[in-house]
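The following exercises are to be worked through with the sequence and the coordinates at hand. Each task is followed by a solution in steps.

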Protein chains: 2
Amino acid sequence: MGRRSDVLELAVLGLLQESGLHGYELRKRLNALLGPFRALSYGTLYPCLKSLLAAGWIHEAGAGNEAGTATPASPLAGRRAKIVYELTAEGKERFQSLVSHPGPAAWEDERFDVHFAFFARTDAGTRLQILEGRRSRLEERREGYRQSMHRSRERAEQYTLELQRHGLESVDREVRWLSELIDTERASNMTHPPHDGDRPPLPAPAPGPDHESR
Amino acid sequence: MGRRSDVLELAVLGLLQESGLHGYELRKRLNALLGPFRALSYGTLYPCLKSLLAAGWIHEAGAGNEAGTATPASPLAGRRAKIVYELTAEGKERFQSLVSHPGPAAWEDERFDVHFAFFARTDAGTRLQILEGRRSRLEERREGYRQSMHRSRERAEQYTLELQRHGLESVDREVRWLSELIDTERASNMTHPPHDGDRPPLPAPAPGPDHESR
DNA sequence: GAAGCAATGTATCGGAGCGATATATCCAAG
DNA sequence: CTTGGATATATCGCTCCGATACATTGCTTC
């Protein structure tokens, strides 16, 4: 499967862990998972489901009439049924495998969020690895901004500069966020050491976005 | 031209205002403009240049040998020349038009940065309009996050929640940034009132990302 | 002075993914 | 009883991106 859809694969497999879902609900969860905006298209989801089906990681299960209403009249003809997708045993294994040793780049922009969302089902070592990978990725980017701003010192143009200043600041905040998470993870690893399948540390409630300004 | 490339169109037209450039250099400037990362592909740039050419906004100008070395041996055959793209008169008009009355959605994620980058060549009224549009867009998104977090209060999962908390905080910062810019713009409009083609206000140097922590 | 190699430069192709759209069912309001 | 919205499945065209191929400098390093 393609360059980006492997992250979709992970997300779908992850969401189906809990229980079987149909496409529509799956899409809603998917969109909620990564932030309530940036909608995922059905033109992406359904082909992905098909390929997961073909790979044998999920299977379809009709759900028009299993609890309650016995098929009222004719079981034949049209009657478009809901299709509930469920994980197969192989699918569960696949998810564990994806989550335990992340591909070449779990710290890229689109992938990181999904991996993070499933941290509860990821072992502590891998969590740390992904967080640190993400941090260096962002540190590179921060360095890129610094270089770029330094280069354009003279040829400076006010608004462009402001844009870059803001970009740099954002990346910088992101790095600090990751550093805090990493510290939390490490502290939690200390107190209760490399013991397989341990509980995730909760990253401290944090004082909130400081909401009374403006 | 397609859904996304119209922002590319604006960017290219804007960059060529200063002087003619060839594709390679254009790509570098483009990438620097939006942030030093997220590279733009030639597979996007060249088709765009072609369509701009077809529309008559730009024209090609050979630049292999105008200052110095007279064509040494044979002017025939291979000899691949640099192609410098320059704006036509229509191209300049087109840019002004794009910049003065922004399309249906100059405040969307990908478009906003480019429009902002060319604020120096945008009149004060339009600047304010775009900044405010962007802000409401982000306020909607913030509201989306709030809703989403509230909904998943019970079914809460630590890491997912943390991800959303961080997302909300980021959007919130973005909104504050825009509010500051808007205030600055407005103040500057006061002191030197609606007079066509006025100088842009510089948005205050700002104390910087506060760099000694950790 | 040529061999190696990084940067500059132009160009295309396959395919992933998105927006738009078509279709169909259910249910509540009017 | 019909309008309309939420739920639900599905496909198609088109855009854009990553990969790749190519050619030309210009530089170091023997």
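The model is predicted.

**Exercise 1. A glycine in chain B**

Task: State where B:G23 is placed, and decide whether B:G23 is buried or exposed.

Solution. Step 1: B:G23 is found in helix 2 of chain B. Step 2: its relative accessible area is 4%. The cut-off for a buried residue is under 20%, so B:G23 is buried.

**Exercise 2. The buried side of a helix**

Task: Identify the buried residues of helix 2 of chain B, and determine how they are arranged around the axis.

Solution. Step 1: helix 2 of chain B spans residues 23-33, and its buried residues are B:G23, B:L26, B:L30, B:N31 and B:L33. Step 2: the arc they cover around the axis is only 155°, and therefore they lie on the same side of helix 2 of chain B. Step 3: beyond the helix, B:G35 follows, with a positive phi near 115°.

**Exercise 3. Composition of chain A**

Task: Describe chain A by its secondary structure elements and by its share of buried residues.

Solution. Step 1: seven helices and three strands are present in chain A. Step 2: their order along the sequence is α-β-α-α-β-β-α-α-α-α. Step 3: of the 214 residues in chain A, 43% are buried.

**Exercise 4. Packing of two helices**

Task: Characterise the packing of helix 6 of chain A against helix 7 of chain A.

Solution. Step 1: the quantities required for two packed helices are the angle and the distance between their axes. Step 2: for helix 6 (residues 124-151) and helix 7 (residues 158-191) of chain A, the angle is about 160° and the axes are 9 Å apart. Step 3: angles over 145 degrees count as roughly antiparallel, so helix 6 of chain A is roughly antiparallel to helix 7 of chain A. Step 4: the crossing of helix 6 and helix 7 of chain A is left-handed. Step 5: the residues of this contact comprise 13 nonpolar, five polar and 13 charged.

**Exercise 5. Aromatic pairs within and between chains**

Task: Classify the pair of A:F116 and A:W177 and the pair of A:Y159 and B:F116.

Solution. Step 1: over all chains, the structure holds 14 aromatic pairs. Step 2: the pair of A:F116 and A:W177 has a centre-to-centre distance of 5.6 Å and 45° between the planes, and is tilted. Step 3: because A:F116 belongs to helix 5 (residues 109-117) of chain A and A:W177 to helix 7 of chain A, the pair ties together parts 61 residues apart in sequence. Both A:F116 and A:W177 are buried. Step 4: for A:Y159 and B:F116, the ring centres are 5.5 Å apart and the planes stand at 85°, so this pair is edge-to-face. Step 5: the pair crosses between chains, from helix 7 of chain A, which holds A:Y159, to helix 5 of chain B, which holds B:F116. A:Y159 and B:F116 are both buried. Step 6: one aromatic cluster is formed by A:F112, A:F116, A:F119, A:W177 and B:Y159.

**Exercise 6. A buried arginine**

Task: Locate B:R141, and decide whether B:R141 is buried or exposed.

Solution. Step 1: B:R141 is placed in helix 6 (residues 124-151) of chain B. Step 2: with a relative accessible area of 10%, B:R141 is buried. Step 3: B:L168 lies 27 residues from B:R141 along the chain, and 8.6 Å separates their C-alpha atoms.

How values were computed:
Residues are numbered from 1 along each chain as its sequence is written. Chains are lettered from A and ligands numbered from 1 in the order in which they are written. This is a predicted model: local features need pLDDT of at least 70, side-chain atom pairs count only at pLDDT 80 or more; totals for chains, interfaces and linings use all residues. Side-chain values use heavy atoms; hydrogens and water are left out. Axes are lines fitted to C-alpha atoms, for helices over the stretch in contact, and angles run from 0 to 180 degrees between N-to-C directions. Helices (H or I, at least four residues) and strands (E, at least two) are DSSP runs, numbered from the N terminus. Angles under 35 degrees count as roughly parallel, over 145 as roughly antiparallel, 65 to 115 as roughly perpendicular and the rest as oblique. A crossing is left-handed if the near helix is turned anticlockwise from the far one by less than a right angle, and right-handed if clockwise. Ala, Val, Leu, Ile, Met, Phe, Trp, Tyr, Cys and Pro count as nonpolar, Asp, Glu, Lys and Arg as charged, and the others, Gly among them, as polar. Buried means under 20% relative accessible area, exposed over 50%, partly exposed in between (1.4 Å probe, protein chains only). The arc is that of the directions from the helix axis to the C-beta atoms. Rings of Phe, Tyr and Trp (its six-membered ring) pair if their centres lie within 6.5 Å; planes under 30 degrees apart count as stacked, over 60 as edge-to-face and the rest as tilted.
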